[in-house]
Amino acid sequence: DDEDEEDTRGLLRLIKARAHACFNDPSFQLPAKNNKSGRDYFNSLQFSGTDEVAEDLDRFRRAIGARKLSLHGISYGTAIAMTYATKFKDHVDKFVLNSPMPPTLSMFDIAWGAAQGNQLQYDNFANACDSAGAACPLSTAPGGTGNAL
């Protein structure tokens with residue numbers, strides 16, 4: 001339920017657990033060279049955030065010999081494009097943001113929006129199935145598709 005704060009907090013806990021499992025996965029632990037931390041590995045995910053992607057874009061620009069890049073960011077890509085334009089403003093030509101993410105969203109806001117989107121998709125599916133009648137086997141369940149799901 002997208003209006004239930006406890007459901008949203010539960011989704012946040014799941015997202016956090018998944019992120020920790022991903023972060024701790026051995027495939028992201030890489031050997032360290034010239035290590036000053038005392039560890040013989042580092043986690044590559046610590047170096048793969050929005051800032052690093054923007055810096056990689058500038059490395060790409062230099063590698064292809066371009067003076068400027070034109071950027072078209074969609075959804076999360078808008079955060080990357082905005083970061084690039086902020087850090088490397090002299091190297092931006094054209095700049096298009098399609099479905100921009102607000103730059104200050106918290107993890108809670110992202111999870112809340114995801115919960116609302118998931119609920120909307122669920123409701124739309126249930127309504128479409130109920131409207132389809134016998135063509136959708138779930139529509140004949142007691143209480144309709146919503147209860148069957």
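Residues are described as buried at under 20% relative accessible area, exposed at over 50%, and partly exposed in between (1.4 Å probe, protein chains only). The structure is a predicted model, in which local features need pLDDT of at least 70 and side-chain atom pairs count only at pLDDT 80 or more, whereas totals for chains, interfaces and linings use all residues. Residues are numbered from 1 along each chain as its sequence is written, and side-chain values use heavy atoms, with hydrogens and water left out.

One disulfide (a pair of cysteine sulfur atoms within 2.5 Å) is found in a search of the whole structure. The bond joins Cys129 and Cys136, whose sulfur atoms are 1.6 Å apart. The link is left-handed, with -85° about the S-S bond. Cys129 is buried at a relative accessible area of 3%, and Cys136 is likewise buried at 13%. Cys22, by contrast, is partly exposed, with a relative accessibility of 35%.

Helices are DSSP runs of H or I with at least four residues, numbered from the N terminus. Helix H2 (residues 50-63) packs against helix H3 (residues 76-87). The angle between them is about 65° and their axes are 9 Å apart, the axes being lines fitted to C-alpha atoms over the stretch in contact and the angles running from 0 to 180 degrees between N-to-C directions. The contact (heavy atoms within 4.5 Å) includes Val53, Leu57 and Asp58 of H2, together with Ala79, Ile80 and Tyr84 of H3.

Asp58, which lies in H2, is buried at 3% relative accessible area. Beyond its neighbours within four places in sequence, Asp58 is in contact with Tyr84, Phe88 and His91.

Seven salt bridges are found in the whole structure, a salt bridge being a side-chain nitrogen of Lys or Arg within 4 Å of a carboxyl oxygen of Asp or Glu. One of them pairs Glu55 with Lys87, the closest N and O atoms being 2.7 Å apart. Because Glu55 lies in H2 and Lys87 in H3, this pair ties together parts that are 32 residues apart in sequence. Glu55 is partly exposed at 29% relative accessibility, as is Lys87 at 36%.

Another salt bridge connects the side chains of Asp58 and Arg61 at 2.8 Å, N to O. These two residues are three apart in H2, so about one helical turn separates them. Arg61 is buried, with a relative accessible area of 6%. Asp58, Arg61 and Arg62 are linked in a network of salt bridges. A further salt bridge joins Glu6 to Arg13, with 2.9 Å between the closest N and O atoms; Glu6 is partly exposed at 48% relative accessibility.
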